[in-house]
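This report goes through one protein model, taking up its packing and the confidence of the prediction. Please look at the sequence and the structure before reading on.

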Amino acid sequence: MNRSCSSNAYLWLMNFFVLSVTVRSQLTPDFYMTTCPDLFRIVRREVQNALKIEMRIGASLLRLHFHDCFVNGCDGSVLLDGDDDSEKLAAPNLNSARGFEVIDTIKSSVESACSGVVSCADILAIAARDSVLLLGRRDGLVSNGTLANLALPSPFDTLDTIISKFNNVGLNLKDVVTLSGSHTIGRARCTFFSNRLFNFSGTGAPDSTIETNMLTELQNLCPQNGDGNKTSVLDPNSVDLFDNHYFKNLLNGKGLLGSDQILFSSDEATATTKPLVQFYSENERNFLVEFPYAMIKMGNINPLTGSDGEIRKNCRVVNS
């Protein structure tokens with residue numbers, strides 16, 4: 001698929017999202033219609049400005065929303081600064097989670113237009129471009145790094161562990177595969193996949209499921225004892241394009257993270273995730289239709305609503 005077609009597919013995805021979702025819980029797409037009517041325009045403007053500087057930021061914001069929702073629900077707690085037990089400093093986020101400055105910029109612009117109205121949790125959801133319609137979240141008061149280390153899926157987890165972590169927050173097997181499709185955009189650091197390149201699981205050899213040409217390229221990028229902060233694109237076939245190439249990559253042994261490739265290549269995948277990976281690899285439209293539903297479902301994980309939580313003035317700190 002060329003860039004124009006993929007861009008059209010992404011726009012179609014967002015338009016479908018706007019027209020088709022149903023409201024659940026106390027979240028609603030028009031929550032700020034009267035209290036902050038220009039909210040979507042403001043957020044869109046700031047995100048577009050950020051994308052002009054770095055296309056990767058779109059994937060970073062999407063990942064930030066994902067990491068927020070898996071720990072105490074979608075309450076903006078991942079945005080809070082804190083001590084060593086904050087979510088920002090948890091292993092899955094340390095030197096990895098990005099986009100905080102973009103959220104700060106958006107929050108400042110929103111506060112100028114409608115002070116004390118829009119939560120940081122909703123700003124993050126809108127900025128992620130995928131939970132845009134279900135709003136009404138309030139901001140959490142606690143950031144839990146210990147829980148983040150336990151609850152967030154890891155690139156090193158087994159498939160059974162990943163499925164269990166999704167189940168723990170009310171997501172199912174289909175959600176595992178569908179949401180993993182977000183790895184069609186973005187990058188990952190060597191530290192998250194170099195374990196596959198030389199001495200995988202103590203075998204003295206690379207992970208046998210990695211395609212040979214890709215293995216050579218990654219070994220050159222991430223040599224043993226090299227810089228773990230170097231990055232590689234998650235989907236080399238369609239960088240920055242939201243499409244189904246991620247799933248096609250898995251069929252060809254080109255999943256970058258171990259947690260990606262096991263969706264197709266592991267023994268556990270045969271009766272669980274592999275059939276859906278194969279289906280999405282052949283049916284892009286189905287993936288684009290089902291992805292927003294999975295994101296809505298994730299965005300509805302234990303939100304704080306009503307009088308729970310607060311509306312932070314600064315997304316990095318609780319109100320005094």
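Leaving aside neighbours within four places in sequence, which residues is L179 in contact with? In this predicted model, L179 is in contact with F66, F166, L171, F291, A294, M295 and M298, once those neighbours are set aside.

L179 also stands out in the largest nonpolar core, which has 38 residues: together with F166 and M298, L179 touches the most other members. Helices that each supply at least two residues of this core include α3, α7, α8, α10, α11, α12 and α13. The largest contribution comes from α13, with 6 residues. Apart from this core lies another, of 26 residues, with A50, I57, V110 and A127 among them.

| Core | Residues in core | Members, among them |
|---|---|---|
| Largest nonpolar core | 38 residues | F166, L179, M298 |
| Another core | 26 residues | A50, I57, V110, A127 |

K107 is placed in helix α4, residues 100-113. K107 counts as buried because its relative accessible area is 3%, under the 20% cut-off. Not counting residues up to four places away in sequence, K107 touches V118, C120, I123, I311, R312, K313 and C315.

As for confidence, the chain averages a pLDDT of 88, and 90% of the residues score at least 70. Over residues 1-25, however, the pLDDT is below 50. This stretch has 46 contacts in the model beyond near neighbours in sequence. Where pLDDT is low, predicted coordinates should not be read in detail.

Technical notes
Residues are numbered from 1 along each chain as its sequence is written. This is a predicted model: local features need pLDDT of at least 70, side-chain atom pairs count only at pLDDT 80 or more; totals for chains, interfaces and linings use all residues. Side-chain values use heavy atoms; hydrogens and water are left out. pLDDT is the predictor's confidence in each residue, from 0 to 100. Contact means heavy atoms within 4.5 Å. Helices (H or I, at least four residues) and strands (E, at least two) are DSSP runs, numbered from the N terminus. Buried means under 20% relative accessible area, exposed over 50%, partly exposed in between (1.4 Å probe, protein chains only). A nonpolar core is a set of buried Ala, Val, Leu, Ile, Met, Phe, Trp, Tyr and Cys residues joined through side-chain atoms within 4.5 Å.
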